[in-house]
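Subject: Structure handover

Hello,

My notes follow below it.

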Amino acid sequence: MAILLKNISTAVTFNNQNDILSNTDILIEENQISSIGKNITAPIGTEIIDCTNLIALPGFVNTHHHLYQTLFRGIQEVQEMPLFPWLIGLYEFWKHITPEAVYYGAMVGFSELLRTGCTTTMDHHYVFPENQPATLIDEQIKAAAEIGIRFHATRGSMSLGKSLGGLPPDTVVQKEEVILKDSERLINTYHDTRRFSMQRIALAPCSPFSVTKELMIETRKLARKKNVMLHTHLAETKDEENFCLEKFGRRPVELMADMEWTGSDVWFAHVIHINDEEMKLLDGAGVAHCPSSNMKLSSGICPTSELLDAGVKLSIAVDGSASNDGSNMWEEIRRAYLLNHLKYGSNGLNAYEILKMATRGGAEVLGRNDIGILQEGMAADIVLFDLDDIAYAGSHDPLVSMVTCGNSSLVKMTIVNGKMVVKDGKLLTIDTHKTGKQAHKVATDLVEFQRSHS
Ligand SMILES: [Zn+2]
């Protein structure tokens with residue numbers, strides 16, 4: 001089935017020439033862009049969509065999330081807290097998650113991501129309660145396929161419980177041999193390396209304060225043996241820095257370098273508390289910048305411009321929904337722009353640079369050369385926004401207006417891998433009313449259960 005997007009007002013390609021095309025067409029055949037330019041003739045049977053007054057971008061790529069946390073948003077007990085007490089409070093709720101909760105949590109997060117222009121997301125799932133089956137990530141992968149989002153699942157892990165000096169309760173940490181065995185199972189079952197792949201696996205021990213150094217090293221060895229990427233939280237807070245200095249005598253980034261956890265097959269979430277010397281140690285690793293989460297948990301401001309100047313691959317991410325509390329990729333882009341300007345003033349990044357970070361930047365961080373750019377031969381992951389809406393009346397440059405007016409949360413269309421998944425802000429692949437209702441019931445039951453047992 002072919003689709004011709006006809007007469008797009010502005011198409012921002014993020015190609016090597018930084019082309020921004022006016023009044024252009026895009027022809028989609030199967031799952032890729034087969035042609036882009038003016039007056040394309042469509043093959044017989046092509047669905048033709050008039051895109052007059054619409055702006056097209058490559059789909060956004062979200063590089064850090066914890067989807068299960070969508071079921072634990074707005075919990076009164078953990079508001080106005082920094083990371084460590086926030087985590088300690090939430091572990092008590094999270095320890096009750098089930099496969100059903102993980103499935104519905106993923107569906108809620110995916111829905112918001114798709115409706116706000118995200119076509120590829122990762123997830124970092126690291127909570128595996130001892131009384132639950134090991135198939136929680138399998139549930140996320142099932143949900144991603146049903147809803148139609150490109151998905152990089154990561155096999156997260158926690159092995160350093162409270163009794164061994166870590167932060168999480170012992171009931172949600174796992175034995176290291178169990179973690180490594182399940183990591184291998186997930187890679188063997190789901191990791192698809194082909195071009196336009198819809199599912200990949202990476203390995204992601206949670207953080208320096210919830211896993212042992214041994215697990216970090218063994219995970220790195222396994223990832224490099226199986227040729228998959230590595231991910232973790234890093235340099236998020238001063239508390240983490242103090243923990244690493246006390247326990248290992250090293251700052252967080254130094255610790256990663258010691259364990260050979262750097263290079264182009266690694267990406268880190270946050271990376272706020274980093275100095276110039278440490279930026280060189282990253283050695284080609286990517287960063288997921290999560291502005292809402294960093295602001296809400298008072299973690300600090302990521303040195304985005306310095307990281308870019310140092311040649312670090314930078315991307316934008318929503319982070320877990322319990323620290324955001326949304327999965328709105330569009331808002332995250334706007335906040336990344338605003339936070340960068342708060343820190344760097346008139347030397348801050350412009351709208352084009354911020355959008356490039358959210359598209360091509362994210363693709364590069366996830367090690368993909370088939371998404372993040374609108375050009376022939378790339379995956380047909382395309383989002384279209386309507387700047388003809390009254391919300392944009394009186395605005396001028398389309399790119400600047402999109403980022404600074406901040407009213408484009410819901411997309412006109414989201415196309416993933418050549419399939420229309422969202423149209424006029426509505427998801428076409430699932431019954432959002434039914435799924436939302438069920439997700440809310442599962443969430444309420446879990447939270448009520450914990451409250452009645454504490
Ligand atoms: Zn996170």
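The protein has 14 helices and 17 strands. Both are DSSP runs, numbered from the N terminus: helices are H or I with at least four residues, strands are E with at least two. This is a predicted model: local features need pLDDT of at least 70, side-chain atom pairs count only at pLDDT 80 or more, and totals for chains, interfaces and linings use all residues. Residue numbers start from 1 along each chain as its sequence is written.

Overall size. The C-alpha atoms fill a box of roughly 65 × 50 × 45 Å along the principal axes.

Domains. There are two: domain 1 (2–59 + 372–423) and domain 2 (60–365). The bounds come from an automatic or database domain assignment. Their C-alpha centres lie 29 Å apart. Domain 1 puts 27 residues into the contact and domain 2 puts in 29. Two residues are in contact if their C-beta atoms, placed from the backbone, lie within 7 Å. On the domain 1 side, β5 (54–58), α13 (398–405), β15 (413–416) and β16 (419–423) each supply at least two residues. α13 gives the most, with four residues. By class, this side of domain 1 has 15 nonpolar, ten polar and two charged residues. Nonpolar means Ala, Val, Leu, Ile, Met, Phe, Trp, Tyr, Cys and Pro; charged means Asp, Glu, Lys and Arg; the others, Gly among them, are polar.

Helix pairs. Axes are lines fitted to C-alpha atoms over the stretch in contact, and angles run from 0 to 180 degrees between N-to-C directions.

- α2 (residues 99–115) and α3 (residues 136–147) have axes that come within 8 Å and cross at roughly 40°. From α2, the contact takes P99, V102, Y103, A106, M107, F110 and L114; from α3, L136, E139, Q140, K142, A143, A144 and I147. The classes are eleven nonpolar, one polar and two charged.
- α4 (residues 176–190) and α5 (residues 213–226) pack at about 20°, with axes 11 Å apart. That makes α4 roughly parallel to α5 (angles under 35 degrees count as roughly parallel, over 145 as roughly antiparallel, 65 to 115 as roughly perpendicular and the rest as oblique). E176, I179, L180, S183, E184 and I187 of α4 touch E214, L215, E218, L222 and K226 of α5. Here the count is five nonpolar, one polar and five charged.
- α11 (residues 329–344) and α12 (residues 351–365) cross at roughly 130°, their axes coming within 10 Å. The two are therefore oblique to each other. I333, A336 and Y337 of α11 meet A351, I354, L355 and A358 of α12. This contact has seven nonpolar, no polar and no charged residues.

Backbone. Most residues other than glycine have a negative phi, and most peptide bonds are trans. Two spots to look at:

- N324 and D325 are joined by a cis peptide bond, with omega about 0°. D325 sits in the loop between β13 (313–316) and α11.
- F14 is not a glycine, yet its phi is positive, about 55°. F14 is in the loop between β1 (2–12) and β2 (20–29).

Best regards
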